Amino acid sequence: MDILVVLEDKNGRIHRMSLEAIAGAQQIGSECGLSIGILAFGKNASALGEQAKQYDVEEVLTLENEHLNDYTADGYADAVANVITSENPTYIFFGHTYQIRDYAPRVSAKLKRPFLNDVVSYKNESGKPVFSKQAFNAKLIAELNPNSDGHILISFQSASFSSDNIQSGSASLRSISIEIDASAIKTVPEDPFQEAAGGVDLSSAELIVSIGRGIGKEENIPLVQELANVMGAEIASSRPVVDSGWLPAHHQVGSSGQTVAPKLYLALGISGAIQHVVGMKGSKNIIVINKDPDAPLFELADYGVVGDVLEIIPKLTKALQ
Amino acid sequence: MNICVLIKQVPGSEAQFNVSGDGSWIQETELPYEMNESDNYALEEALQIREQKGAGEVVIVSLGPDRCQKVIREALAKGADRAIHINADAPYNTDPYSIASALANAVKDERFDLVLSGLQSDDLGFGQTGVILGEMLGMTTATLVVGTEVQEGKIKVKRELEAGWFQWQTMDLPASLAIQSGLNTPRYPSLKGIMTAKKKEIKKLNFVDICNVDELQSFAGLSVQHAEKQTEMIEGNIDQIVNRLVDVFKNEIRIN
Ligand SMILES: Cc1cc2nc3c(=O)[nH]c(=O)nc-3n(C[C@H](O)[C@H](O)[C@H](O)COP(=O)(O)OP(=O)(O)OC[C@H]3O[C@@H](n4cnc5c(N)ncnc54)[C@H](O)[C@@H]3O)c2cc1C
Ligand SMILES: Nc1ncnc2c1ncn2[C@@H]1O[C@H](COP(=O)(O)O)[C@@H](O)[C@H]1O
């Protein structure tokens, strides 16, 4: 196989972003003439393998091993590096999930092969795929060039491909096994838990006023509160606002916060990092106010204002009263 | 407990970028540079661990051109003990593997118990350097770390998972941890800190002398992002802007 898609287990189902990676593999595979395999491993390997074999790929590999039942970076990096060496795919595709961020760089270091991470787009250059990512606070796009031939690890940012486009088929299943040195696993994980969720469920909000670091300081939050009150909107924020303790965590929108899709998302002093954008880009109307005309969030805006939020917010509140 | 903190200097989020003619890099002059955000949290975590344990050193390691001295001094002023500056001039290095390899060579004789790095750099955004360094030094690794508890010969860390989930894991030392923002409140340097920082040691190394691997990947064809949507830019004086916004709210988006 030319492309190996490595699946992530989400409680016995294939992780949404692994499905997107399969969709990506199918598109790139057909445009560049590359064959595809899928790797399912861990305690739910057989369930994931059953799900994966309904897709149009060449084969699905399943790998079970007692040392892979619980996720550890040591164990998973070791296992994936092993499989890559024995199966010899050119491209190894992952979703850019938190688990991949955690162990794929170690696979890269073990194999001394590049990990092109957080890829958002691809183009076909005479049969050779070329991958790009965002850089410099999401203001620029950069192509990532591997400097030599051999294995290339690639992770795709959420929504780079749509899982709606997955082609069905019937792949063959092959069970594989590897040796894992248990003494090399020096991490003992405990059970995952959720922190008491509190406050508002932003996912059903119609109107959202969302603030970023551009709001300047905690003392300015009441200004936003007043605006939200006259609009009848919920307040949301970017991560730095929560990190600074200006708002409780449940207000955060983005990859480590809530996903929202309101009728109006009014973004005040938010730059538009990809981790924020993935949480709000489904909003029906996006209004962006930012003093930096190059702020990347303007690219998603239906309406944009280049200006100072501290000047605009009080006037807007007054005009709406 | 001896702790290494990786600190990178990056352009601030308000920086305006111009791509150089061949698309290989940005024009660096006159950009506002600052300490990478998550590195600031990593530094604070290191200082707090040392304060709890009462002993050991916090050593800053930074790779980049001369301008990095500014963030190094800032970290020393906040309380780090000494620093290693790996001087790397243009052409700028955009490969996390070779950066990590230079960092590994710079610290391999230091016997650190912990390496703390930021989760990812705001300019290159790999989120790989600290993990690769850990692998190279034979350490355990963890990313998205939002809490730490040092134990005898081990460290217990709280990791952020997706969708509001978390997980504790206990790891052998030495460990390399990539710190997620928000886990503590980074301090500001005190006046005394700023004064004493001037006398602290900054060891200087050269990237070309200590990087003994080839680059695995590099940036190419840098370009400006293209708009995904047709955007109506609302212009005018503040009153005109506010009036148009109210008009959009009421008549186009139709909020009540
Ligand atoms: C794994 C991971 C997960 C993450 N999860 C999330 C997440 O869930 N949600 C999230 O938001 N981020 C998340 N982040 C962080 C993200 O990468 C960005 O750092 C963050 O979104 C930036 O927030 P910001 O736009 O408020 O701040 P900045 O990027 O600092 O932008 C501030 C903006 O305010 C503007 N501004 C300043 N003053 C004014 C003014 N007076 N008037 C108008 N505009 C002004 C500036 O021009 C700038 O554009 C995550 C990062 C990682 C690595
Ligand atoms: N040039 C550098 N000098 C010092 N630390 C670095 C450097 N590059 C990366 N790091 C550290 O590694 C982390 C992750 O960087 P990156 O892999 O580029 O996203 C950063 O937050 C820093 O802590």
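B:S62 touches B:I7, B:K8, B:C68, B:I72, B:I84, B:H85 and B:I86, when residues up to four places away in sequence are not counted. This serine belongs to strand 4 of chain B, which covers residues 58-64. The structure described here is a predicted model, and the values given for this residue and for those that follow are to be read with that in mind.

Is B:S62 buried or exposed? B:S62 counts as buried because its relative accessibility is 0%, and buried here means under 20% relative accessible area.

## The site around ligand 2

Strand 4 of chain B, the strand that holds B:S62, also gives the largest share of the shell around ligand 2, namely 3 residues. The whole shell has 17 residues, and the closest of them are B:D39, B:L63, B:S121, B:G127 and B:T129. When the residues of this shell are divided by class, 5 are nonpolar, 10 are polar and 2 are charged.

Which atoms of ligand 2 lie 3.1 Å, 2.8 Å and 2.7 Å from polar atoms of B:N36, B:L63 and B:T129? For B:N36, a polar side-chain atom lies 3.1 Å from an oxygen atom of the ligand, while for B:L63 a polar backbone atom is 2.8 Å from a nitrogen atom of ligand 2. In the case of B:T129, a polar side-chain atom lies 2.7 Å from an oxygen atom of ligand 2. Taken alone, ligand 2 exposes 480 Å², and the protein buries 99% of that area. The elements that supply two or more residues to the shell around ligand 2 are strand 4 and strand 6 (114-118) of chain B.

## The site around ligand 1

The site of ligand 1 is shared between chains, because residues from chains A and B surround this ligand. There are 32 residues around ligand 1, of which A:R213, A:S238, A:S256, A:S271 and A:N290 come nearest. By class, 8 residues of this shell are nonpolar, 17 are polar and 7 are charged. Three helices of chain A, helix 4 (98-111), helix 6 (239-243) and helix 7 (274-277), each supply at least two residues of the shell around ligand 1.

Polar contacts to ligand 1 come from chain A and from chain B, as the following cases show. In chain A, a polar side-chain atom of A:Q252 lies 3.1 Å from an oxygen atom of ligand 1, and a backbone N or O atom of A:K291 lies 3.1 Å from a nitrogen atom of ligand 1. In chain B, an N or O atom in the side chain of B:S13 is 3.0 Å from an oxygen atom of ligand 1. Taken alone, ligand 1 exposes 980 Å², of which the protein buries 92%.

## A sheet with strands from chains A and B

An open sheet of 6 strands with parallel pairing has the order 15(A)-14(A)-16(A)-17(A)-18(A)-13(B). Strand 15 (234-237) of chain A and strand 13 (232-233) of chain B stand at the edges, each with a single partner strand, so one side of each is left without a neighbour in the sheet.

Within this sheet, strand 17 (residues 285-290) and strand 18 (residues 303-306) of chain A run parallel and are joined by 4 bridges. A:N290, which is among the residues that come nearest to ligand 1, has A:V306 in strand 18 of chain A as its bridge partner.

## Backbone features

A:D118, which lies in strand 7 (residues 115-125) of chain A, has a positive phi of about 60° although it is not a glycine. With a relative accessible area of 6%, A:D118 is buried. In chain B, B:L144 likewise is not a glycine and has a positive phi of about 55°; B:L144 has its place in strand 7 (residues 140-151) of that chain, and B:L144 is buried, with a relative accessible area of 0%.

Where does B:P174 lie in chain B? B:P174 is found in the loop between strand 9 (165-172) and strand 10 (175-179) of chain B, and the peptide bond that joins B:L173 and B:P174 is cis, with an omega of about 0°.

How values were computed. Residues numbered from 1 in each chain as written. Chains lettered and ligands numbered in written order. Predicted model: local features only at pLDDT ≥ 70, side-chain atom pairs only at ≥ 80, totals over all residues. Heavy atoms only, no water. Near = heavy atom within 4 Å. Polar contact = N/O pair within 3.5 Å; in protein donor to acceptor, adjacent residues only side chain to side chain. Areas by Shrake-Rupley, 256 points an atom, 1.4 Å probe, with all protein chains shown as cover. Nonpolar A, V, L, I, M, F, W, Y, C, P; charged D, E, K, R; others polar. Buried < 20%, exposed > 50% of the residue type's maximum accessible area, 1.4 Å probe, protein only. Contact = heavy atoms within 4.5 Å. Pairing = 2+ DSSP bridges.
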